[in-house]
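Take a look at the model below. Keep it open while you read.

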Amino acid sequence: MNLKVKPFTLFLYAVLLLILLVWPAMSKNLRNLPDPLEPLFRKKPEWTGLITLWNVNFIDCGTGSNTRWLNLQIERFEKQNPGVFIDVRNITPSRLKMYFQGNERENILPDIIALPVYEDIIPRDLLVDLGEFFSQEDLEKLNSAAYNHVIKDGKMIGVPYMMGVYALVFNLQLAHEKEVIIPEGQLDYAFLDSAVKAMTFTEKNGKAEKQYYGFCTYSTPYSRPLLSIIHGNREKIVDERVCGYLFQWHKSGAFPPGMTDLSYDRAWDLFAAQGRVGVMLANTRAIYQMRALQQAGKGFEIAVKGLPAEKDGIFSDQIAAFGIVRTDNRIKLELCISFLKGLLEDRAQQELKTIGMFPVVDSAGDIYADDPQMYQLETSIKNYVYGPGDEQALRILENRYEELKKELNVQSVDH
């Protein structure tokens with residue numbers, strides 16, 4: 001007997017076979033998808049309401065400010081805690097100072113507040129000691145410079161959440177012109193000395209002269225790149241050998257006039273717009289700004305190098321942190337702590353890549369593995385072990401820094 005199978009039946013068999021083959025993989029993916037009904041059944045916290053946060057951009061991000069990244073973390077936190085909202089107010093450092101000059105400040109202060117890099121603007125007795133809320137394992141994951149930044153008088157007054165680093169950004173156009181060959185790997189000060197001197201020269205065109213400077217940096221209230229290279233180590237806080245290099249460079253005309261008081265924008269103009277600087281000591285903002293210029297068909301090629309690591313550790317003031325203002329509401333306090341802990345989760349730390357900054361926890365991994373310039377700086381994070389949190393060392397360093405500025409300014413007049 002000749003059995004005939006209808007085409008539609010064959011189609012059904014084929015579909016059934018396909019489902020049997022792909023179902024294991026599909027079911028695995030479906031299990032990983034969020035449950036669309038889960039938010040409906042998520043338990044609301046015991047307290048609901050508004051958590052206020054004052055955000056102050058004390059440090060520059062590679063791509064502007066921390067706002068985009070912070071908003072993403074807030075959105076995630078609010079989804080996890082229905083009925084709890086975080087209200088962010090972006091304010092300037094000067095306005096923050098103003099709020100602590102009056103007597104009624106405690107009535108207007110937020111729940112979470114950005115911590116300054118250098119100044120003690122916020123009285124420490126107003127900040128919660130967060131040490132009891134973090135395990136030893138949690139603290140050991142933090143970069144040592146970032147952790148020390150929030151330890152004051154034995155208390156943990158805040159949570160660091162991102163870091164920046166300083167880099168040596170080379171003008172490759174000038175380097176090639178002066179036959180400066182930048183080596184692979186870590187630089188030392190001997191090479192930097194030769195490069196700075198080689199790229200310091202005067203270009204003459206008839207009677208007109210154009211001065212090129214081998215080295216340039218800047219100084220702002222919350223970003224002092226020179227501190228990162230004149231800092232020595234715990235035993236010898238000031239590296240006088242590097243100070244000696246600075247004097248030699250200045251005597252040879254390698255610095256633009258008044259360099260120790262230049263703003264970032266003025267230093268950047270000399271380096272990027274005018275192309276008259278061989279090496280700029282700057283944070284990652286300079287890298288991203290040059291990339292933006294290149295995309296617009298302007299600028300020039302750069303080489304990015306980490307600071308010479310010839311010491312026990314490098315100093316960085318590019319550390320951002322939040323503290324929590326004292327409150328009698330224990331549940332609200334725990335929610336604030338939960339939010340700050342969320343900033344340290346690997347996912348949040350990895351997302352710092354979107355603003356050109358670096359994680360403060362080791363477990364985040366290499367977030368710039370696909371970006372050679374930033375990856376080189378990322379690998380140098382482990383070398384940053386000192387920061388403004390070491391107050392006694394900072395006083396010594398700042399005093400030497402002020403002396404250095406005066407000496408260079410006097411020599412500038414003589415020169």
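## About the model

The model is predicted: local features need pLDDT of at least 70, side-chain atom pairs count only at pLDDT 80 or more, and totals for chains, interfaces and linings use all residues. Residues are numbered from 1 along each chain as its sequence is written, and side-chain values use heavy atoms, with hydrogens and water left out.

Helices (H or I, at least four residues) and strands (E, at least two) are DSSP runs, numbered from the N terminus.

## Strand β13

Start with β13, residues 319–324. Here 6 of the 6 residues are buried, so the strand is largely enclosed by the rest of the structure. Buried means under 20% relative accessible area, exposed means over 50%, and partly exposed lies in between (1.4 Å probe, protein chains only). Both faces of β13 are covered. I319, A321 and G323 are on one side. A320, F322 and I324 are on the other.

Now look at its partners. Two strands pair if DSSP finds at least two bridges between them. Strand β3 (residues 112–114) pairs with β13 in the antiparallel sense, over 3 bridges. There, I112 stands opposite I324. Strand β6 (residues 159–163) also pairs with β13 in the antiparallel sense, over 4 bridges. M162 has A320 of β13 as its bridge partner.

## Helices α8 and α10

Two packed helices are described by the angle between their axes and the distance between the axes. Helix α8 (residues 189–198) packs against helix α10 (residues 240–251) at about 10°, with the axes 11 Å apart. That makes α8 roughly parallel to α10. Axes are lines fitted to C-alpha atoms, for helices over the stretch in contact, and angles run from 0 to 180 degrees between N-to-C directions. Under 35 degrees counts as roughly parallel, over 145 as roughly antiparallel, 65 to 115 as roughly perpendicular, and the rest as oblique.

Contact means heavy atoms within 4.5 Å. From α8, the residues in contact include Y189, L192 and V196. From α10, they include V242, Y245 and W249.

## R285

R285 lies in helix α12 (residues 285–295). R285 touches D60, C61, G62, Y264 and D265, not counting residues up to four places away in sequence. R285 and G356 are 71 residues apart in sequence, but 7.8 Å apart in space, C-alpha to C-alpha.

## Two loop residues

Most residues other than glycine have a negative phi. D153 has a positive phi of about 55°. D153 sits in the loop between β4 (151–152) and β5 (155–156). E179 has a positive phi of about 60°. E179 lies in the loop between α7 (172–177) and α8.

Are these residues buried or exposed? D153 is exposed, at 64% relative accessible area. E179 is exposed too, at 70%.
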